There are 2 protein chains.
Amino acid sequence: MAKEKKVESITSMDEDFAKWYTDVVKKAELIDYSGVKGCMVIRPYGYAIWENIQKDMDRRFKETGHENVYMPLLIPESLLNKEKNHVEGFAPEVAWVTIGGSEKLSERLAIRPTSEVLFCEHYAKVINSYRDLPKLYNQWCSVMRWEKTTRPFLRSSEFLWQEGHTMHETAEDAKEETMRMLKVYEDFYKETLAIPAITGKKTEKEKFAGAISTYTIEPMMHNGVALQGGTSHYFGNGFAKAFGIQFTDRDNKLQNPHQTSWGVSTRMIGAIIMVHGDDNGLVLPPKIAPIQVVIVPIAAHKGGVLEKAHEIEAALKAKGIRVKVDESDNSPGWKFAEYEMKGVPVRLEIGPKDIEKEQCVLVRRDNREKVFTPLADLESTVESTLEAVHDGLYQKALDNLKEKTHTALTYEQFLEISENKGGFIKAMWCGDSACEDKIKDETGGVKSRCIPFEEEILADTCVCCGKPAKHMVYWGKQY
Amino acid sequence: MAKEKKVESITSMDEDFAKWYTDVVKKAELIDYSGVKGCMVIRPYGYAIWENIQKDMDRRFKETGHENVYMPLLIPESLLNKEKNHVEGFAPEVAWVTIGGSEKLSERLAIRPTSEVLFCEHYAKVINSYRDLPKLYNQWCSVMRWEKTTRPFLRSSEFLWQEGHTMHETAEDAKEETMRMLKVYEDFYKETLAIPAITGKKTEKEKFAGAISTYTIEPMMHNGVALQGGTSHYFGNGFAKAFGIQFTDRDNKLQNPHQTSWGVSTRMIGAIIMVHGDDNGLVLPPKIAPIQVVIVPIAAHKGGVLEKAHEIEAALKAKGIRVKVDESDNSPGWKFAEYEMKGVPVRLEIGPKDIEKEQCVLVRRDNREKVFTPLADLESTVESTLEAVHDGLYQKALDNLKEKTHTALTYEQFLEISENKGGFIKAMWCGDSACEDKIKDETGGVKSRCIPFEEEILADTCVCCGKPAKHMVYWGKQY
């Protein structure tokens, strides 16, 4: 028998969550580091997850009337400078091209950190009449933000994302779009990634550079820390004015259109890892798992085992299930560990005795439940098991979110929760960013996550300064 | 009735092919120019064509065992310099990042012009044993080559492409892969784009920087000029040696793996335009047309017309056909011209009289043939018409290729054909690049396209120098 790759164990989550995360990312073969700091290689298994995410999301975007485009990678410095708040937000983290071919460029070119200004430059040329509106464009691409400290998927200098940029006749239309796309994200997180999240509006301090308002979806990781999972911005017509985008309205008057943008990125893969993963590695939600079912033949050399494995494979494939038979000469034990590390939702084990009994062993990745299953109705059992895994993952994550969400009525409570429990803190806020600054400083990084759409009135005064409260806010540390 | 957009006519192909091309690209709304020279905006209609190309090609790659990955955008200068021939080929056209955030970088970073070195850096880490081979990776991304003169799709500083990079145990395996992928391209051009082409091996002078041999697919544009439509390279183990990629073979000895790369780009959209287009604009092969059938209601305000149009739309959609009803208030005449410009393969016109007679008018874009068609079996008529359009386009392009391919037995004939007829020239060659240089200089740019896999022996001596001939070569000007 061939020399077997050793199955190395990974750091336990409870011992060192950060190390556990990087162990999983490496051992599940999602990424490799590259020679440029903060730029990662997304390996086949990691990229296949991204492709499944893209396919599902792209369908949702097209169903809501959006079209894909491709904008240039480079932005002339003068173009980036056109909207003041925007450039101030991004300038510190831009990578600049200064030489093209062998010549020094007369103007520096930014590698896009985001593409608002490119979309605006184009929209100025193609929007003339209300008949040209709405423009509902999206692009899938990579962007670059020069980060000092980086972590795979969570914060990298280059990452993959989608950025939607839309233009509308009225402020109302644009606001509706902003909320529509936040809802698309929320549905996607729940239905496809099995991830619950809180949603709401960002405070002034936390909103996107140049936006009037930013809405956010914030799932909670297993350790209680938030990840900003996606944002949707309403811009009003500020960019449109700065870029001279005008249209003739229904009354034949010139107007500036109203704008939105919204985006999610490969960070989502970080969320999948940290919401669902466990000490045996990745746990993938079935909808985006590159392999949904792995079949492990036991005593594969014995007559009929491999044939039966491939028979089952064909039957599952016919149902549209992504399935793989591992017929390598590694031991069954090695294979069990390997596909657990890779988070494959369902494992089937089949050996000569199983075939005699017309059954196989079915093991769920999420709860490691192991059952003997008749081969007779295996396809429907597998289908319902995949659904059960999805539902189980969602419920477990929801329980975690609820368990680690606390209410603070006093500042002492707030500090105590932040110090000893972590997670999300619900607390009242006066609306002043000075309180956000104070909380952040005194808790080692707790920030306002969002003002939820349905606020509870927990108290009349701000948890920090005691002045009259304006909003209930979710607070928490973030990646 | 609303004010109608004016249908502007375009330059005729015969009058000015270059201007005709840019007219089509603009008027069919495929691209827009951006503020960075040679970087284009790919608009929704152009990008939808690219998405259809990607979907079809990606399926072919996966069916032949390839996996997608994502490599970083940036390449450190020292990494790019590792393979000497390679860097010499690309250095003159690299865009360099020299500033990240607000700091000058200690080492310049190239925006990838191609990613061989990045794949090699990664492969060095993940290839250890013959069990790790082959590695069959592909990536879809944008690349940057700082071009002096640019034209949309044909030659742009930034373009979208796919680049396959594979590693194999033996030279034979790698050579087989090189040919396999050239065949995938050839099939794709024929079956999906309805484009015939010649295929063969590039001469030493024309091969890829760093490759041992380069194979190419070269379709002919309507005006007789070639477009290098896709290339597949065999590298031997030169890069593997330079990058220290080693594996333990079946005899437990250390070896360097053998490598290939292969790519096609958004240039293909240029080929589609220039092979199939006519004086009314774009003519799209049905398989990649974003809209395969447009339905134009005539006297749409009259009872039943719009309903019938949508009924037909639903029936065609159910057959998997991409169909659109244009119910805007533009005139039918405007719509006819608009969708001809956009190259929609089939147009259906339906008015009150047609409904009475249970028929509609079906117009093919390629030959503008117009027939009354019973509504009863419209779906199957449309399906067979789309196939007929594909076949018609292919045959027309093949006729053009044949008609504009000439044989030259003497140098005088060669110059005369090149001067007066253009197209491809079949002629014998001694194997010396000095003859290629001479021909290029004296014909204003005719180059060897390729040595075909099946050479005809037209003569015993080189058409240029008269020395003994080694090969038959296809010659021609190129985009």
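This is a predicted model: local features need pLDDT of at least 70, side-chain atom pairs count only at pLDDT 80 or more; totals for chains, interfaces and linings use all residues.
Me: How does chain A superpose on chain B?
Reply: By a rotation of 180° with 0.0 Å of shift along its axis. The RMSD is 0.0 Å.

Me: What relation is that?
Reply: A 180° rotation with 0.0 Å of shift is the relation of a two-fold axis.

Me: Which C-alpha of chain A is nearest the axis?
Reply: That of Val97(A), 2.1 Å from the axis.

Me: And how much of the contact surface recurs in chain B?
Reply: 100% of the contact residues of chain A recur in chain B. The same surface serves both copies.

Me: How many residues does each chain put into the contact?
Reply: 43 residues come from chain A and 43 residues from chain B.

Me: Which element of chain A gives the most to that side?
Reply: Strand 5 of chain A, residues 95–100, with 6 residues.

Me: What do the residues on chain A's side divide into?
Reply: 26 nonpolar, 9 polar and 8 charged.

Me: Back to strand 5 of chain A. What does it pair with, and in which sense?
Reply: Strand 5 of chain B, also residues 95–100. The pairing is antiparallel, over 5 bridges.

Me: What stands opposite Trp96(A)?
Reply: Ile99(B), in strand 5 of chain B.

Me: New topic, the sheet in chain A. How many strands, and in what order?
Reply: 11 strands form an open sheet. The order is 3-7-8-14-11-10-9-22-23-21-20, with mixed pairing.

Me: Which are the edge strands?
Reply: Strand 3 (67–68) and strand 20 (405–407) of chain A. Each pairs on one side only.

Me: Which way do strands 9 and 22 of chain A run, parallel or antiparallel?
Reply: Antiparallel. 2 bridges join strand 9 (residues 198–201) to strand 22 (residues 447–452) of chain A. Lys201(A) stands opposite Ile451(A) there.

Me: Which strands does helix 5 of chain A lie across?
Reply: Helix 5 (residues 116–126) lies across strand 7 (135–144), strand 8 (158–168) and strand 14 (258–265) of chain A. The helix runs at about 35° to strand 8 of chain A.

Me: Last one, helix 8 of chain A. How many of its residues are buried?
Reply: 10 of its 10 residues, 267–276. Among them are Arg267(A), Met268(A) and His276(A).

Me: What do those buried residues pack against?
Reply: Helix 1 (17–27), helix 2 (44–63), strand 14 and helix 12 (378–403) of chain A. Strand 14 of chain A is also one of the strands that helix 5 lies across.

Note on methods:
Residues are numbered from 1 along each chain as its sequence is written. Chains are lettered from A and ligands numbered from 1 in the order in which they are written. Copies are superposed by least squares on the C-alpha atoms of residues with pLDDT of at least 70 in both. Two residues are in contact if their C-beta atoms, placed from the backbone, lie within 7 Å. Two strands pair if DSSP finds at least two bridges between them. Helices (H or I, at least four residues) and strands (E, at least two) are DSSP runs, numbered from the N terminus. Axes are lines fitted to C-alpha atoms, for helices over the stretch in contact, and angles run from 0 to 180 degrees between N-to-C directions. Ala, Val, Leu, Ile, Met, Phe, Trp, Tyr, Cys and Pro count as nonpolar, Asp, Glu, Lys and Arg as charged, and the others, Gly among them, as polar. A residue is buried if 20 or more other C-beta atoms lie within 10 Å of its own, exposed if 12 or fewer, and partly exposed in between; C-beta atoms are placed from the backbone.
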